[in-house]
Amino acid sequence: MTEKTVRTRIAPSPTGDPHVGTAYIALFNYVFAKKHGGQFLLRIEDTDQTRSRSDSELAIMESLNWLGLSWDEGPDKGGPYGPYRQSERQSIYKEQAEILLEKGEAYRCFCTPEILAADREAELKSGSRRTGYNRRCRNIDAQTSAKRAADGEPFTIRLKMAVDGDSVFTDRLRGEIRRPNEELDDQVLLKSDGFPTYHLANVVDDHLMKITHVIRAEEWIPSTPKHVRLYEAFGWEKPEFIHMPLLRNPDKNKSKISKRKNPVSLKFYKETGILPEALVNFLGLMGFSFGNDVEKFTVEQMIEVFSFDNVSLGGPVFDLEKLTWLNGLYIRDLGPEELLDRVMGLYLNREYFQKIVPLVHERMRYLSDFIDSAPFFYNGDLDYSAEGNLMVPKGRTQVEMASMFEEGAEKIDALESFSASLVEEIFRTISEQKEWKIKEIFMPVRIACLGRKASPPLFECIEVIGRERIRRRLRKAAEYVRTMKMPA
RNA sequence: GGUCCCGUCGUUCAACCGGUUAGGACAGCGGCCUUUCACGCCGUAAACACGGGUUCGAAUCCCGUCGGGAUCACCA
């Protein structure tokens, strides 16, 4: 009996900052593949034309490389089953969708978004518990369907799901998972713009790329029956499914990790001085137990001992404090030269200083003022205990200021690019909308972002510090302001 | 709300297929070390969600309740 080579993949969509969740899942895919002498691949899922960003793909690759989770095949490296960018595989999906059409496993749907929305609303009003598509196009006969398509009517292609009975699949960590088929609607496979949906692209690619184990986040469990159905419709062998628990926020409810409540961008961790080996170790602690109460280990060591038998399913809370402790352990392990290299690599280097020089230049009397006057360029979080009460100007309430900071963070988040003028515009707009004086906003923001009332031009500093840290400082400031005690 | 998943200290990970004073780590608290801080070391408090079964015996197996999460798109 010949065992197939293990092949796993991480398939992020380039729609924003590289996410810790991506790194988390990548780690387990990587470790599992290496454990079994297999390959780990990177595939970019950029089939959403409206949300994909080209710079995001690069950022994902940089972050994964930073963490040492390198792939054997990918868009930058190529490989025998490329291309590894879904936008470049469009014709493949179209071809496969047509095969399904011919086999009678799928059908064209001519419903417009408007019809769909109206149907959904009507269904909601009728109190029906069904939420999915009502299959009004499922029984259009092949001839009519072909004719309407030929006449240029826009359509999507939907998968024919079973109408009754149960769908069953096996999850490596949970065993059999069963879902009634009436829950499952006829999923769109090919969108009217000709791009595939995740469901089609992921199944087609996993098959063509010979993926043997689909290791992904738990949130995919509900749609796995659709994928299973797709494999069956194609007549393809299914991979093994392994759904990892979701990383959680440190809030009361332990909701799925989100940027509102926790820094989620890998860039943040890098910029804040977390060592990649510490982060990757920490991620390995989430849901996985090394054994013998060992908590500090390298990826190599993890590969040696790894088994899904040692993965637990309670959603692990991403606890920054414990990561910080682990990071300290790794820092202390570094030799002095190595430490120096790391520190200089991060901020104490010519490139970064060049951005700071023009901002502090005219304020300096001693050369030593360079560091002393602007420590906020090098910090992660700030200490508000000294100037914190300046974040609440006279006549404004703590709650008002906290929500202003949050609004700012939110808007900064939504910016396509990050610059001094764009951030300034955000806060000027907020001041206009709220009819607050400029200084009621700028001083609090200065304290929130820089931690002191005397500083070089606020927004230029913000630009240099960067989106990740600024966003976190604003949220931290909101938290601080909301709970602080004002002097009488 | 329907469906699915999950449920051990505040957090994280243990306790092999039933028999333990339920263990380690982070955070907390107390102390030692130290000019201070940090590191390090020692100690301390802290959990089997609840209710029924099965069993001589349940954190461990079964059922129910409760709680939490995820998901219900021409997003992934």
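Which helix gives the most to the nonpolar patch? In this predicted model, the answer is helix H12 (residues 336–346), with four residues. The patch sits on the surface and is formed by Ile331, Leu339, Leu340, Val343, Met344 and Leu348, which together have about 430 Å² of accessible area. One of these, Ile331, belongs to helix H11 (residues 320–333). With a relative accessible area of 31%, Ile331 is partly exposed.

Aromatic rings turn up in pairs as well, and the structure holds 25 of them. Take Phe169 and Phe241: their ring centres are 6.0 Å apart and their planes stand at 75 degrees, so this pair is edge-to-face. Phe169 comes from strand E5 (residues 166–171) and Phe241 from strand E9 (residues 240–244), so the pair ties together parts that are 72 residues apart in sequence. Both count as buried, Phe169 at 6% relative accessible area and Phe241 at 4%. Phe268 and Tyr269 make another edge-to-face pair, because their planes are at 90 degrees, with ring centres 5.3 Å apart. Elsewhere, Tyr24, Phe28, Phe32, Phe288, Phe290, Phe297, Phe306 and Phe308 come together as one aromatic cluster.

Then there is helix H15 (residues 398–414). Its 17 residues reach 25 Å from first C-alpha to last, close to the 24 Å expected at 1.5 Å a residue. The buried residues of H15 include Met401, Met404, Phe405, Gly408 and Ile412. What do the buried residues of H15 pack against? Their partners are helix H16 (420–434), helix H17 (438–450) and helix H19 (467–483).

How values were computed. Residues numbered from 1 in each chain as written. Chains lettered and ligands numbered in written order. Predicted model: local features only at pLDDT ≥ 70, side-chain atom pairs only at ≥ 80, totals over all residues. Heavy atoms only, no water. Patch = residues over 30% accessible without salt bridge, like charges linked within 9 Å, V, L, I, M, F, W, Y side chains within 5 Å. Areas by Shrake-Rupley, 256 points an atom, 1.4 Å probe, with all protein chains shown as cover. Salt bridge = Lys/Arg side-chain N within 4 Å of Asp/Glu carboxyl O. Helix = DSSP H or I, 4+ residues; strand = E, 2+ residues; numbered from the N terminus. Buried < 20%, exposed > 50% of the residue type's maximum accessible area, 1.4 Å probe, protein only. Expected span 1.5 Å × (residues − 1). Contact = heavy atoms within 4.5 Å. Phe/Tyr/Trp six-rings, centres within 6.5 Å; stacked < 30°, edge-to-face > 60°.
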